[in-house]
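I opened this entry to record what I looked up, chain by chain. The notes are kept in the order in which I made them.

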Amino acid sequence: MNGGKQKRVIPGTTLFDGDMARKGYALNKMCFSFNSAENRAEFLKDQAAYCDKYGLNAQQKQAVLSLQVLDMLAAGGNAYYLAKLGGIFGLDMQDIGAQQTGMSKDEFRARLVAAGR
Amino acid sequence: MARIVGGINVTHVPYIGRAIANNLQQDPYWKPFFDGFPPIHDWLAKVEPDVAVVIYNDHGLNFFLDKMPTFAVGAAPEYSNADEGWGIPTLPPYRGELDLSWHMIDALVEEEFDITSCQEMLVDHAFTLPLELLWPNRKSCPVRTVPVCVNTVQFPLPKAARCFKFGQAIGRAIESWDSDARVVVIGTGGLSHQLDGQRAGFINKEFDLMFMDKLITDPLWVTRYSIPDLVELTGTQGVELLNWLTTRGALLGEVAKVHGNYHIPISNTASGLLAMEIL
């Protein structure tokens, strides 16, 4: 898909490049709509129907309905757009970080503090 | 001609908006961050800029992935903030500086930077929060503004060397503007942080401190790194340091540090602050 070029591998990290932007377009477009309070309310009323309205594929829809951030990223989600979805559920960046790293929120926070020492 | 009084680079974590709204400046979590600003407030009171050129990246408020300019320059009489979807307070509009906007657009295209000009432009937390931090407790921002947006979101991103040269072209544009205005250049974002993936929470203090130091003494140092190198060294969102580098470029020549601060963590981010004046 990327013209046969070798991609840089950085463990635990996905570069949001053209391949990911193509793959995740519908998902990110749905998340972009969450800038509007009206759209956030509509999503909460019927999440599956809202995903369908934006044409999410099965992988994206499943990831959204189960609120699994790593799955959303694998389906082409971009961190800044997914944060808008996280906000609907009151998830902050430490909640999202903890979920992705399999830590408790306190453990994740402690690791951030430790990085400053 | 207009004069550049200096540059300020500062973190733009959305969470800061909530801290300001709730007056948490003296809260133990926030104090080490907010304590970095008073010396810069004093310096701003001394150099009295009339205009701020703000170099930042949009996070899906004005630009969606449908159209993603590498470099965009605002040319609006006023810039509004709006709901970004994650519950931080929306701030009142900021005044534009149309004469400088169009002078910059003309000068940048003349220098072969084919920017996107924006006669309507919403500005997100990456533009608004640094202004709130630099001029706090005011009903309206005292400077007129020109937003400059750099794509740090969707790859390919502009290379570090390209951003530095873009900054230099911005600096030359400001200095050739027929005005007696005093202009401060503000770069926002960073420093090291990664929000997404199994490596979420990644921070690189050693690199950040080196970057802040080299930005003063040897700004081309960071151009040895490719964009993927910078992601590896600073995190997927740490690449926002490109805005800092662009700002440094705009200062044209030698600079001295006015004041700096570095604190870990604010949210998931290593927060940095660096004010520079031109020698």
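I began with chain A, whose secondary structure comes to nine helices and zero strands. Helices (H or I, at least four residues) and strands (E, at least two) are DSSP runs, numbered from the N terminus. The model is predicted: local features need pLDDT of at least 70, side-chain atom pairs count only at pLDDT 80 or more, and totals for chains, interfaces and linings use all residues. Residues are numbered from 1 along each chain as its sequence is written, while chains are lettered from A and ligands numbered from 1 in the order in which they are written.

I looked up the extent of chain A next: its C-alpha trace spans about 45 × 40 × 20 Å along its principal axes.

Then I checked burial. A residue is buried if 20 or more other C-beta atoms lie within 10 Å of its own, exposed if 12 or fewer, and partly exposed in between, with C-beta atoms placed from the backbone. Of the 117 residues in chain A, 38% are buried.

Which residues of α7(A) are buried? I found A:A79, A:Y80, A:Y81, A:L82, A:A83, A:K84, A:L85 and A:G86. That is eight of the ten residues in this helix, which covers residues 79-88. The buried ones pack against α2 (25-32), α6 (69-74) and α8 (93-101) of chain A. Just after α7(A), I noted a positive phi of about 70° at A:G90.

Last, I turned to the contact between the chains, where two residues are in contact if their C-beta atoms, placed from the backbone, lie within 7 Å. Chain B gives 32 residues and chain A gives 38 residues.
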